[in-house]
Amino acid sequence: MALSFPTYEQWLLFFTGGATIILAANLVQWVIRRERIYLLYSGYILVWVVSFGIQFIDEPAHIIAFLRTINLPLFSLLYLELAIVFLNLAPQTRLMRWYRLMQWTWLLMTLPTVYFNLFSSLWQTSWHATWLTICRLVVILGTNLTIIYSFFTQVKQTDKLARFFVIGTVALWISEILASVSVLTHQELSAKELESMPLPLNLGFIVQVGILLDLACVSLGLSYRQHQQAVRQLMAEQELMREREQHLRQQLQADLALQQLRQQHTEAQMRALQSQVNPHFLFNALNTLSALIDENPRQATDYVDELSNVYRYLLRAADQELTPLSAELDFIQSYFHLLKTRFGSSIQPVVNVDETLLEASLPPLTLQLLVENAVKHNRVLPEEPLTIRLRTSAAGQLIVENNRQHRNVRVESNGVGLSNIAEKYQLLQQPLPLIEEVDGWFRVTLPLVPANTPSRKSALPS
């Protein structure tokens, strides 16, 4: 049974439909992406669709002849522009100038064709056939050889996008060579007879197979290009995300380092303030002990024992930023014991603190400084006892107050008492104490830090 081929009319319908589908797909891509390469490729496909879509239209004859013959220079002009994009040729080079020269040449070569077909009857003469043969030879050879030369001399051989384009060019060139061979081997046949030959030898079929292979390769190249763009965009976004994450980490590290530096600075300032308390307390305690040794040596011995207990608390509290109010009250009771050892009933401590506030905190040794200042700056006599009251307010604050009994002689002071307390509260970013004199009472209102407020160091155990 002999192998039968479809007729050229059937094949032409298939070719035109396939090329039209590719054209529509590229137009959609151009509308979506607005990239010049899709518009160029759509124009290139349109040239072939029009050239072969009018294959069996005969009237008006000169218009049809014009449409059939103008396609080659227009195709080559567009194909060179596509090659510039696909091969990624550098601008302002000798090769690029050669491309532009060829494009202008192919454009000028369309002028005789326009004249022959639209403004004279020369398209029916041998002059026109000779001109078309010359154009076909020059355009095909010039275009294809230039593209292949560009690929092997100016393009990296690993460039897959360029490979797709060059393979399509070679396929198209081979089909043109085969078509030329078919014409040469059947010189005795007329143009009509050549067009009516069976498919394997049909001139139009051979060229159209090459065109379809070229369209397939270029379409695959565009798909690969689109995929590469998506990959590059994804990699760029990932790199941007990595840079942002790295910048964020660096910023967080810088913020952490700055916070640690500030914390170290604050702790250094707190330690400096604590170091001011110990000499201050020791100075006053030794003065008291010195006087007590002369007055009552036995009480001096008891005083030394109590002083050792008090100083133990001082050492434990030296590295604390906050201490519970309960621990501070226990300490101040021991301190009152030292004062009563010396002054007896001349000191009248009164403590009235809400038990619900005992877990609240305050800077350590605050009460000792206030009590010490009260003793230093006021008369402490049996007939004029000094009353020191520690109480809490309805607003949850601690109030330390004493009756005003100014001494008649000037008392030396190193000036670290109240300013020391205020600086501690400032470093802890807490409200400052309120210092006032009300109805003959010197009063200091101390804010208490709630028990659930975090601190850089644990509070001193009671």
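The dialogue below takes up a sheet, a helix and the cysteines.

A: Start with this: the model is predicted.

Q: How many strands does the open sheet have, and in what order?
A: Strands of a sheet pair through backbone hydrogen bonds, either parallel or antiparallel. Here five strands form an open sheet with mixed pairing, in the order β2-β4-β5-β7-β6.

Q: Which strands stand at the edges?
A: They are β2 (347–352) and β6 (434–438). Each has a single partner strand, so one side of each lacks a neighbour in the sheet. On average, neighbouring strands are turned by 15° against each other, direction ignored.

Q: How do β5 and β7 run, and how many bridges join them?
A: β5 (residues 398–403) and β7 (residues 441–446) run antiparallel, joined by six bridges. Asn403 stands opposite Trp441 in β7.

Q: Where does helix α12 lie?
A: α12 lies across β2, β4 (386–392), β5 and β7. It runs at about 155° to β4.

Q: What span should α12 have?
A: Take 1.5 Å a residue: the 12 residues of α12 (residues 366–377) should span 16 Å. The end C-alpha atoms of α12 are 17 Å apart, which agrees.

Q: Is α12 mostly covered or mostly uncovered?
A: Mostly covered: 11 of its 12 residues are buried. Among them are Leu367, Leu370 and Val371, as well as Glu372 and Lys376.

Q: Are Cys135 and Cys217 buried or exposed?
A: Buried means under 20% relative accessible area. Cys135 counts as buried because its relative accessibility is 7%. Cys217, at 14%, counts as buried too.

Technical notes: Residues are numbered from 1 along each chain as its sequence is written. This is a predicted model: local features need pLDDT of at least 70, side-chain atom pairs count only at pLDDT 80 or more; totals for chains, interfaces and linings use all residues. Side-chain values use heavy atoms; hydrogens and water are left out. Buried means under 20% relative accessible area, exposed over 50%, partly exposed in between (1.4 Å probe, protein chains only). Helices (H or I, at least four residues) and strands (E, at least two) are DSSP runs, numbered from the N terminus. The expected span of a helix is 1.5 Å times one less than its number of residues. Two strands pair if DSSP finds at least two bridges between them. Axes are lines fitted to C-alpha atoms, for helices over the stretch in contact, and angles run from 0 to 180 degrees between N-to-C directions. Contact means heavy atoms within 4.5 Å.
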